[in-house]
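Work through the exercises below with the structure in view. Each task is followed by its solution.

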Amino acid sequence: MKINSKAVLRHLVSWAALLPMAATVIVAYLGTVLWSLKISFTNSRTFPSDELVGFAQYVRLFNNDRWLLSLQNLAVYGVLFIAACMLIGFLLAVFIDQKVMGEGLFRTVFLYPYAMSFVATGLVWQWLLNPGNGLQQAVRQMGFGDFTFDWIIDQDMVIYTIVIATVWQASGLVMAMLLAGLRGIDEEIWKAARLDGIPTWRVYVSIVLPMIGPSVATVFILLLTAVVKVFDSVISMTQGGPGTASEVPAKFIMDHLFGRANIALASAGSIVLLLTVLALVAPFMYARARADRKEASK
Amino acid sequence: MLNASQWVAILVAALGLLTPVHAAGPKAEVIHWWTSGGESAAVRKFSEAYTAAGGVWVDTAIAVGEQARSVAVNRIVGGNPPTAAQFNTTKQFLDLVEQGMLNNVDDVAARDGWDKFLPETVLNVVRVKGHFYAAPVNIHMPTWFWYSKAAFKRAGIADEPKSMDELFLVLDKLKAAGLIPLAHGGQPWQESIVFTAMLANVGGSDLYLKVFRDHDAKAIQGAAFKDVLLAFKRLQSYVDKGAPGRNWNDATAMLITGKAGVQIMGDWAKGEFTSANQTPGKDYGCIPGFGPKSAYIIQGDVFVFPKTTNAEAIKAQKMLAGIMLVPATQVEFSNKKGSIPVRTDVDSSRMDLCAQKGLAIMKDKSRQLGNGEVYMNPDQNGALNDILTAYWNKNLPVEKVQKDIAAALAN
């Protein structure tokens with residue numbers, strides 16, 4: 001009897017400690033998601049209204065060229081950003097892991113861009129990529145009169161400029177996290193590999209990379225959330241321009257929430273964005289859950 | 001030496017002098033977005049007039065119109081409303097009226113005779129279902145054609161253009177002289193201004209109202225509107241490659257330095273010329289439109305008064321509504337802001353050349369037209385801007401643009 005009541009008490013105490021966080025999650029996160037879902041089925045403008053209009057907002061959303069372009073931009077941006085960040089971050093981590101001189105200095109230098117806000121990054125890169133005053137002009141003044149690098153004012157290429165600016169910023173973070181993972185690798189692995197005569201790059205690809213799997217997964221999730229959230233870089237670099245060429249879903253939703261006074265359409269957009277993220281993350285989570293269950297049942 | 005009781009007497013007398021003899025006047029917290037140099041100087045004219053009438057002005061300036069309006073709406077809904085909040089002369093505050101969140105100022109309007117001197121376009125915006133819910137404070141015209149006299153001289157242009165055809169000839173001459181014909185900033189609202197100018201000057205007032213106010217699908221898909229869109233697209237060929245994303249004042253700077261010839265921009269551009277010590281008629285010119293009956297497009301700012309039952313706040317709101325429309329205050333405010341007063345019965349001798357031109361046109365009721373936002377709600381206006389900016393930047397077939405506009409305005 002005594003042991004039972006102690007166990008119950010211990011559980012009660014843990015629950016009490018978790019209660020504030022649980023309340024926040026349920027009310028603030030889940031509650032607001034459900035509220036947005038409800039609003040997306042109404043015709044609310046500046047204020048929430050209770051008049052349901054079925055799927056009308058979703059129909060309007062997918063007939064909207066700007067929204068479709070924003071989804072396309074998000075896909076292109078997402079793939080390029082995550083791939084480039086992972087690759088550059090991993091290479092930087094590997095190079096620093098080679099016990100180079102001034103390792104601390106290099107680590108600081110590569111991580112420094114992450115200390116800047118996305119707005120500052122966007123502004124600086126906008127100045128750099130400006131055809132009249134930036135890189136193009138500088139190279140032309142060095143003598144290469146025909147050099148053109150006006151991606152930032154080109155309808156089709158502007159999304160790649162956003163990729164460049166944000167990859168520059170986020171690679172350092174990827175490097176720092178993968179470096180921490182690499183440092184956890186046992187020295188014995190290297191000795192064994194050297195004994196077996198395996199080339200260094202092969203060791204990294206086939207042995208080390210799977211060993212830092214959890215770090216890579218963490219980095220992937222971080223980058224994915226950054227991709228879905230991308231807003232401040234777009235605002236400060238191109239304001240969604242030229243025209244609407246560098247539109248992203250977050251900016252579409254924000255514009256309609258406030259400037260366009262149409263919270264129903266904005267809510268529909270955010271629900272679609274949520275479903276997209278769930279669709280991407282759910283298979284991944286399922287695979288991990290199955291792997292964990294396999295581990296547990298071994 | 002003074003003893004203790006004498007010190008106490010002196011202290012009490014001093015404190016007595018420090019406290020105000022009379023209670024402070026009604027406090028008014030005003031939310032607005034006039035944060036630039038010229039705009040701050042302008043709103044100071046209102047606060048000075050209000051203080052002179054015995055009130056206490058609490059200034060809450062929030063940069064960027066959209067932010068300021070957001071904050072105002074949030075505070076009204078949250079139960080801590082300001083005494084007055086700035087909006088534009090548009091449908092932006094219609095939702096607030098419909099939700100019953102604003103006080104009306106009917107007695108001030110009746111006392112001062114607003115329906116006698118306010119232009120009909122403005123009256124239709126501030127008077128909803130017979131009640132006055134906003135105090136209009138100025139009229140801005142967004143589609144003036146500004147030109148640099150120095151650039152015209154260099155291109156060998158003697159007179160200012162008097163028709164759209166002459167304007168295109170002038171632009172060609174500027175291009176031939178190696179100057180930038182049309183100074184433009186590639187932002188959606190600036191493209192909207194250029195389009196509005198084309199609709200008014202190429203399409204005419206009737207087509208303008210059919211498209212913006214009546215959303216007439218037949219007119220939008222018709223040949224006359226097609227010509228308007230083609231003229232709009234044709235102007236894009238006179239713009240330099242660095243235009244995307246440029247701010248409007250950087251485009252005006254190109255006129256000031258004589259690098260560009262023409263800019264289509266609102267009368268707030270005057271402030272830029274004045275800061276550079278340029279005078280209208282000598283260094284730059286202003287054309288309100290082409291033809292003797294060209295339309296004067298009306299947009300502007302208003303103050304709304306959030307609902308409250310607090311007697312002091314209501315007193316403050318009525319005082320504000322009265323003071324902001326006094327003719328002398330109107331002229332002083334508009335001189336600093338670059339707009340024209342919302343009433344034509346003012347002394348225009350202290351207004352500059354372009355403002356005087358504008359005021360004279362305003363006196364002709366048949367030439368008054370509202371800006372797009374007067375007739376369309378923010379959602380429709382935004383959807384139209386998206387289509388126009390896409391057409392400006394990409395090579396889309398004009399028939400598709402017509403169809404898209406008809407669909408966007410049908411909502």
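**Exercise 1.** Find the side chain that Arg246(B) meets in a polar contact, then describe the surroundings of Arg246(B).

*Solution.* 
Step 1. In this predicted model, the side chain of Arg246(B) makes a polar contact with the side chain of Asp240(B), at 2.8 Å.
Step 2. Look for a backbone partner. The side chain of Arg246(B) also reaches the backbone oxygen of His184(B), at 2.9 Å.
Step 3. List the neighbours, leaving out residues up to four places away in sequence. Arg246(B) touches Asp240(B) and His184(B), and also Gly185(B), Gly186(B), Gln187(B), Gln190(B), Ala251(B) and Met254(B).

**Exercise 2.** Place Arg246(B) in the chain and decide: is Arg246(B) buried or exposed?

*Solution.* 
Step 1. Arg246(B) sits in the loop between helix H12 (223-236) and helix H13 (248-256) of chain B.
Step 2. Buried means under 20% relative accessible area.
Step 3. Arg246(B) has a relative accessible area of 15%, so Arg246(B) is buried.

**Exercise 3.** Describe the fold of chain B in outline, and compare its radius of gyration with the globule rule.

*Solution.* 
Step 1. Count the elements. Chain B has 20 helices and 13 strands.
Step 2. Compare. The radius of gyration is 24 Å, close to the 22 Å that the globule rule gives for 411 residues, so chain B is as compact as a globular protein of that length.
Step 3. The C-alpha trace of chain B spans about 90 × 50 × 35 Å along its principal axes.
Step 4. Check burial. Of the 411 residues of chain B, 54% count as buried.

Notes:
Residues are numbered from 1 along each chain as its sequence is written. Chains are lettered from A and ligands numbered from 1 in the order in which they are written. This is a predicted model: local features need pLDDT of at least 70, side-chain atom pairs count only at pLDDT 80 or more; totals for chains, interfaces and linings use all residues. Side-chain values use heavy atoms; hydrogens and water are left out. Helices (H or I, at least four residues) and strands (E, at least two) are DSSP runs, numbered from the N terminus. The radius of gyration is taken over C-alpha atoms; the globule rule is 2.2 Å times the number of residues to the power 0.38. Buried means under 20% relative accessible area, exposed over 50%, partly exposed in between (1.4 Å probe, protein chains only). A polar contact is a pair of N or O atoms within 3.5 Å; within protein, one must be able to donate a hydrogen and the other to accept it, and residues adjacent in sequence count only if both atoms are side-chain atoms. Contact means heavy atoms within 4.5 Å.
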